[in-house]
Amino acid sequence: MITINPYINFNGNAEEAFTFYQSVFGNEVTGIIRFKDLASAEFPVPEKEANKIMRITLPIGNNLLIANDVPEAMGRVSENENRSKIAVRAESKEEAERIFSGLSVGGAVEMPLGESPW
């Protein structure tokens, strides 16, 4: 079976976001790699970037939600221009409502939860 794994770029708050996603989806965050974990003479890491996330994953069903923090040298990610969308398919209406409600906390809902033609 082919799976699609969304990959999100953050401006230094990937770990905070994944702690939130973990609280909604109930799974354990795995695979945390910080920039300092891969630092070497060939790959020097500035001190201010050392604790940022190079890769973090959260298993959701048969998929992984993956993210990283973008190093400052690469510029900021514009969350208003380059936003990611993630489609979540739930097993029941109740589960969909729980997930939607959880993900909506502190956010701006652009489109209400509703039936899809597919």
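**Sheet pairing, helix packing and salt bridges**

Strand β2 (residues 30-34) pairs with strand β3 (residues 53-60) in the antiparallel sense, over three bridges. Pairing here requires at least two DSSP bridges between two strands. Strands (E, at least two residues) and helices (H or I, at least four) are DSSP runs, numbered from the N terminus. Thr30 stands opposite Thr57 in β3. The model is predicted: local features need pLDDT of at least 70, side-chain atom pairs count only at pLDDT 80 or more, and totals for chains, interfaces and linings use all residues. Residues are numbered from 1 along each chain as its sequence is written, and side-chain values use heavy atoms, with hydrogens and water left out.

β3 also pairs with strand β4 (residues 63-69). These two strands run antiparallel and are joined by five bridges. Ile60 stands opposite Asn63 in β4. Two residues lie between the strands of this hairpin, where Gly61 takes a positive phi near 60°. β4 is joined to β1 as well, by four bridges, and that pair runs parallel. Tyr7 stands opposite Ile66 in β4.

Together the four strands form an open sheet with mixed pairing, in the order β1-β4-β3-β2. β1 (7-10) and β2 stand at the edges. Each has a single partner strand, so one side of each is left without a neighbour in the sheet. From one strand to the next, the twist averages 15°. Strands of a sheet pair through backbone hydrogen bonds, either parallel or antiparallel.

Helix α1 (residues 14-25) lies across β1, β2, β3 and β4. Contact means heavy atoms within 4.5 Å. The helix runs at about 5° to β3. Axes are lines fitted to C-alpha atoms, for helices over the stretch in contact, and angles run from 0 to 180 degrees between N-to-C directions.

A search of the whole structure finds two salt bridges. The criterion is a side-chain nitrogen of Lys or Arg within 4 Å of a carboxyl oxygen of Asp or Glu. In one, the side chains of Glu15 and Arg34 meet at 2.9 Å, N to O. This pair links distant parts of the chain, 19 residues apart: Glu15 is in α1 and Arg34 in β2. Glu15 counts as partly exposed, at 32% relative accessibility. Arg34 is buried, with a relative accessible area of 18%. Buried means under 20% relative accessible area, exposed over 50%, and partly exposed in between (1.4 Å probe, protein chains only).

Lys52 and Glu49 also meet in a salt bridge, at 2.9 Å, N to O. Both Lys52 and Glu49 are buried.
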